[in-house]
Amino acid sequence: MGEATLFVVLFFMVNGPVFAQASGLAETKLVEQTKQTENKTKKPKPATYLKANVIHGDFGLYGYRYYFNDLNFEIEHHWSKRHLGLAGFSIGYRKEDFSSSDYGHFLNSKVFWKAEKHGFYFKPGIGGEWGKPSPRFERTRFHYRGVELISYERIYLERNAWMPVGVKNTGTLNPFFELGIGQKAGPVLFEGGARIGYDKFVISTFQFKNDNLTFQGVSRQYKLIPTLYVGVGLKLF
Amino acid sequence: MTKMTRRVSLVLLSSALFCGCNSRFFSPVAPTLTPDSGLITVNTPEGQIGWSPYIVVHSDGGAVEGYRKALTLLKSRGMVRGVRVGLSGYGDTGVQMISSLGIEMVGIVPNESLFDSNLEAMIDRYVSSYPDIKVFQIGNEVTTINQTQGLPKMTIEQYMDVFKKIYNHVRSNPSPVMLMTQSTFGSGFYGSDELKKMVELGLKPNILSPQRVIVGINVYSDDALGEYVSTRNQYLDDPKQGGYRVWVMETGSPNPSEHISHVRSFYSRLASALGAERIYWYVLWGGDTGPDVGFSLISNPYDTNRMTYSPLFKALAGIQ
């Protein structure tokens, strides 16, 4: 049921501009042409959008396959002129793992550059995300000889940030990069792209010798978390 | 045009929000059952599940024959390797029966024994009375259930003092018994916060050796699982000195028709995300009346001819 609904939503997102044109709204073209003419002579106006993105992950990491979908809502502001070369910024909220309301909450913020032509734009961005992760990246690999446990390896996200709810200091704060392409259709944005997280993982290994647990060591590694996103934005003002 | 586009966009935004809520599309499925999870694959009417062959058994002299019948069925299929038993006094007929079946045991030293004025003598009595038990759990949920059992309140600070006293005595003793910490509470973040406090109060590899201590926790809910995972990663596993073996000493569902789905969705996450080496099902029999009835795998163990089994038990034992 959920997948079917989402398919319809995605279909509309991708085909939104086409629908808008195919709806037989002839005056649209006229208005657009007038606007384009005005744009050539006027400075671009600042704009603020409410955006909703579906973020999709499907990749392998440390021998495990990950497949997930998250939702991200953000307020994105486009400046009328560049500030330090930047075209705008956003603040947002991402929810991962809808099976629990106790974790998987993130606040994020980013700045972005933008190159725009014929209503299409290319928009690379960089930002940071703080929140309480779900346990989806936490894995333990047990090694058995028959029924006897001989060693195990734990792989998990390093907790590096203060967290006001639940157990203290179990949050994460990590950077991410975005590469988006999109199209403006009146007050609506249609956008898709790649969102790449840069998360720090801890790998601890343990061995059993004569049934005694022995710590073998720990290593820390940064890993890229590649995801794709597609979304729609509505101009607020 | 503008009005229509705005309407379409509002519909799209609302749809994205609605389909996100409680949709399987946005909720992860349990990790695939792999050999490295340490779980046993069991075919059930609801599909394959990963089972950890450990069960909680309440001490009850009248139920011993029912327990024998049930555990024999499970043992013959390799579905039970160990049980956790509450020790009642210093000679428990149930413990002797379980031992005779070749099933490994974790014995819970009762909470009331933690108030003993001579803790060293107390633990020595339990160790000598139960030579087949190699792991002794020192109390269970002591800060939450003592009052309900009519016992004095025990803070986590007092508990850790007791645990360290017993640990220091056992460590100097040639007996190779292992100690297990009390199981922390299984819902919300009370238990994980308490586990964090236990770490701050000395549950550290350089103070309490992981070669003599196992950490026990109870996990019944998804929110508790998430908090325990975070707490283990941030506090319990020391980056320089390693960490402890973690055993989940209680998990289960109060509704027999959901036992199988609980195991299917929860066990693989306990093993994989939390790194639980063992998972004990609560409970073989929780009484035929009272709040724990629904958790039971069997009922009527006082009369083995009238004994009935939950769907999970039937799947594990391979009976109809």
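Predicted model: local features only at pLDDT ≥ 70, side-chain atom pairs only at ≥ 80, totals over all residues.
In general, strands of a sheet pair through backbone hydrogen bonds, either parallel or antiparallel.

Of the contacts in chain B between residues at least 6 apart in sequence, 71% join residues at least 24 apart.

In chain B, 8 strands close into a barrel with parallel pairing, in the order β3-β4-β5-β6-β7-β8-β9-β10. From one strand to the next, the twist averages 25°. As one example of the pairing, 2 bridges join β7 (residues 178-180) to β8 (residues 213-218) of chain B, and these strands run parallel. Here Met180(B) has Ile214(B) in β8(B) as its bridge partner. Helix α3 (residues 93-100) of chain B packs on the sheet, where it touches β3 (54-57), β4 (82-86) and β5 (104-109) of chain B, and its direction makes about 170° with that of β4(B). Helix α6 (residues 156-171) of chain B also packs on the sheet; it touches β6 (135-138), β7 and β8 of chain B, and its direction makes about 170° with that of β7(B).

The largest nonpolar core has 89 residues, of which Val83(B) and Leu270(B) touch the most other members. The helix α6(B) gives the most to this core, with 7 residues. Leaving aside neighbours within four places in sequence, Val83(B) is in contact with Tyr54(B), Ile55(B), Val56(B), Val57(B), Ile98(B), Ile103(B) and Met105(B). A second, separate core has 7 residues, among them Tyr49(A), Leu189(A), Phe190(A) and Val232(A). In soluble globular proteins, nonpolar side chains tend to be buried together.

Helix α3(B) has a helical partner too. The axes of α2 (residues 64-76) of chain B and α3(B) come within 10 Å and cross at roughly 20°. Since angles under 35 degrees count as roughly parallel, α2(B) is therefore roughly parallel to α3(B). The crossing of these two helices is right-handed. On the side of α2(B), the contact is made by Val64(B), Tyr67(B), Arg68(B) and Leu71(B), while α3(B) contributes Thr93(B), Gly94(B), Met97(B) and Ile98(B).

Thr289(B) is found between β10 (278-281) and β11 (298-299) of chain B, in the loop that links them. With 7 other C-beta atoms within 10 Å, Thr289(B) is exposed, because a residue counts as exposed if 12 or fewer lie within that distance. Thr289(B) and Ser299(B) are 10 residues apart in sequence, and their C-alpha atoms are 9.9 Å apart in space.

Terms used: Residues numbered from 1 in each chain as written. Chains lettered and ligands numbered in written order. Contact = placed C-beta atoms within 7 Å. Pairing = 2+ DSSP bridges. Helix = DSSP H or I, 4+ residues; strand = E, 2+ residues; numbered from the N terminus. Axes fitted to C-alpha atoms, helices over the stretch in contact; angles between N-to-C directions. Core = buried A, V, L, I, M, F, W, Y, C linked by C-beta atoms within 7 Å. Buried ≥ 20, exposed ≤ 12 C-beta atoms within 10 Å, placed from the backbone. Parallel < 35°, antiparallel > 145°, perpendicular 65-115°, else oblique. Left-handed = near helix turned anticlockwise from the far one by under 90°.
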